Amino acid sequence: MPLEQERVELNNTLVTESQKIQQETTTQITPLRRPRDYQQISLFKDVNPLDWEDWHWQLKHRIRKKEELAQIIKLTPDEEKGIDKASGRLSVAITPYWATLIDPEDPDCPLRRQAVPVAAESLIGPHEMVDPCAEDRDSPAAHLVHRYPDRVLLLATEQCAMYCRHCTRRRLVGEHRESSSPTKFDAAVEYIKANRKIRDVLISGGDPFILEDEEIESLIQKISSISHVEFLRLGTRVPVTLPQRITEKLVAMLKKYSPLWVSIHFNHPKEITKRCKIACDMLADAGIPLGSQTVLLKGINDRPYIMRRLMHELLKIRVRPYYIYQCDPVKGTQHFRTPVAVGINIVEKLRGHTSGYAVPTYVIDGPGGGGKIPVGPNYILSQAKGKYVLRNYKAKVYTYLE
Ligand code: SF4
């Protein structure tokens with residue numbers, strides 16, 4: 001086929017694809033559902049608003065038993081089996097706040113699926129592992145993971161406000177007893193001190209914001225006083241699962257340690273409630289830069305219009321979309337995993353079709369410890385000496401000469 005004809009045909013195919021994308025990205029979705037009024041739920045009907053707003057109260061009253069959950073949502077036999085089998089594996093704990101966001105009648109509710117186990121969690125899919133990112137192997141000191149040259153991950157706690165059913169660190173996290181010894185992080189801190197290349201420390205877990213303010217500050221102080229550490233990041237999900245935890249006292253403490261960034265795990269636009277916005281506003285108003293991390297989850301956020309809505313809602317609360325992760329092949333999560341093509345298609349339908357700030361990087365964590373590997377649509381159609389043939393988001397073809 002002559003070159004020009006080939007080019008015209010390619011253009012036509014790409015333009016048709018582009019029209020499909022335009023249609024899908026402009027699909028309207030229904031307005032976000034409001035949370036249920038907690039006083040309408042029998043289990044919480046006598047709770048006073050001050051207790052409801054107290055994060056310690058929320059933590060203490062997390063829903064851990066099938067009988068309690070059955071008073072809030074209509075459990076399916078599959079969920080009942082999942083809860084029975086979850087004992088001894090990843091704990092079940094749902095904050096009362098999160099429980100009000102769950103659709104009581106719909107087992108496919110995206111917030112419900114992230115919190116309530118199903119029987120499929122006890123299956124082990126092909127290629128699934130206990131520690132797919134090989135974090136334990138790359139741990140030079142207790143509670144520390146050192147994979148990339150200039151940054152480390154410090155696991156501050158094994159506990160979270162809520163346990164996400166897709167959790168990659170399910171081998172570690174849960175409601176078991178942890179050491180609270182003041183020397184617990186000494187080896188990790190000494191390792192960071194001794195490695196002058198480390199300029200960035202991510203404190204995650206579990207969820208570091210589950211610790212008391214004094215415990216968080218003590219850890220931040222130890223690390224930020226190391227002269228070669230340029231900045232800190234905290235990885236958390238509490239603005240989403242327990243927004244009451246973001247108190248004025250916590251924010252005032254964090255503000256003292258600028259530059260300090262906070263990465264928040266968001267998966268669905270329904271998570272962005274008024275209460276969540278207040279928590280994010282408090283952090284952003286204190287000058288703390290906020291980024292998001294999202295796990296691509298089958299039946300939860302695997303449609304381009306849902307991801308697009310999520311990214312737009314995040315920007316409205318001053319959270320910059322940062323990563324979309326392919327769901328790691330961790331044991332018991334096969335029912336959440338999509339083909340990689342689904343993630344690539346989502347990026348294709350974001351890039352160029354909406355603000356660049358709303359386009360996170362889609363990554364696969366290389367199984368066995370490869371680190372984050374970006375994957376996405378291919379915009380280079382051909383490449384020869386000094387010449388690139390490229391397509392744009394509308395599938396129009398352009399040639400760039402070097
Ligand atoms: S908050 Fe993070 S560490 Fe905790 S269960 Fe969810 S995904 Fe796992």
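Here is a walk through the structure, from the overall chain down to a few single residues.

Keep in mind from the start that this is a predicted model. The protein chain contains 14 helices and 12 strands. Its radius of gyration comes out at 23 Å, close to the 21 Å that the globule rule gives for 402 residues, so the chain is as compact as a globular protein of that length. If you want to set up a box, the C-alpha atoms fill roughly 75 × 55 × 45 Å along the principal axes. Buried residues account for 52% of the 402 residues. As for contacts with a separation of 6 or more, 75% of them link residues 24 or more positions apart.

Strand 6 (residues 290–296) and strand 7 (residues 320–326) run parallel and pair over 6 bridges, and Leu 296 has Gln 326 in strand 7 as its bridge partner. Strand 8 and strand 9, on the other hand, are antiparallel and joined by 4 bridges. Here Val 363 stands opposite Pro 374 in strand 9. These two strands form a hairpin with 4 residues between them, and in that hairpin Gly 368 takes a positive phi near 95°.

Back on helix 14, have a look at Ile 344, which is found in that helix. Is Ile 344 buried, partly exposed or exposed? With a relative accessibility of 27%, Ile 344 counts as partly exposed. Leaving out residues up to four places away in sequence, Ile 344 touches Tyr 362, Gly 376 and Pro 377. From Ile 344 to Gln 159 there are 185 residues in sequence and 32 Å in space, C-alpha to C-alpha.

There is also an open sheet of 3 strands, in the order 10-11-12 with antiparallel pairing. Its edges are strand 10 (380–384) and strand 12 (397–401), each with a single partner strand, so again one side of each is left without a neighbour in the sheet. From one strand to the next, the twist averages 15°. Strand 11 (residues 387–391) is joined to strand 12 by 5 bridges, and Val 389 stands opposite Thr 399 in strand 12.

Which residues of the largest nonpolar core touch the most other members? They are Leu 154, Val 201, Ile 220, Leu 254 and Phe 266, out of 86 residues in that core. The largest share of this core, 5 residues, comes from helix 12 (residues 274–285). A second, separate core has 6 residues, among them Ala 93, Cys 160, Tyr 163 and Val 173.

Leu 254 also turns up in helix 11 (residues 248–255), where the buried residues are Leu 250, Val 251, Met 253 and Leu 254. Why do they lie on the same side of helix 11? Because they cover an arc of only 160° around the axis. In an α-helix there are 3.6 residues a turn, so residues three or four places apart point the same way. On the other side of helix 11, Glu 248 and Lys 249 are exposed. The cover over the buried residues of helix 11 includes helix 9 (213–224), strand 4 (231–236), strand 5 (260–265) and helix 12.

One last stop is Cys 109, in the loop between helix 6 (96–99) and helix 7 (110–115). Setting aside neighbours within four places in sequence, Cys 109 is in contact with Leu 101, Ile 102 and Asp 103. Asn 378 lies 269 residues away from Cys 109 along the chain, and 33 Å separate their C-alpha atoms.

Conventions:
Residues are numbered from 1 along each chain as its sequence is written. This is a predicted model: local features need pLDDT of at least 70, side-chain atom pairs count only at pLDDT 80 or more; totals for chains, interfaces and linings use all residues. Side-chain values use heavy atoms; hydrogens and water are left out. Two strands pair if DSSP finds at least two bridges between them. A nonpolar core is a set of buried Ala, Val, Leu, Ile, Met, Phe, Trp, Tyr and Cys residues joined through side-chain atoms within 4.5 Å. Buried means under 20% relative accessible area, exposed over 50%, partly exposed in between (1.4 Å probe, protein chains only). The arc is that of the directions from the helix axis to the C-beta atoms. Contact means heavy atoms within 4.5 Å. The radius of gyration is taken over C-alpha atoms; the globule rule is 2.2 Å times the number of residues to the power 0.38. Axes are lines fitted to C-alpha atoms, for helices over the stretch in contact, and angles run from 0 to 180 degrees between N-to-C directions.
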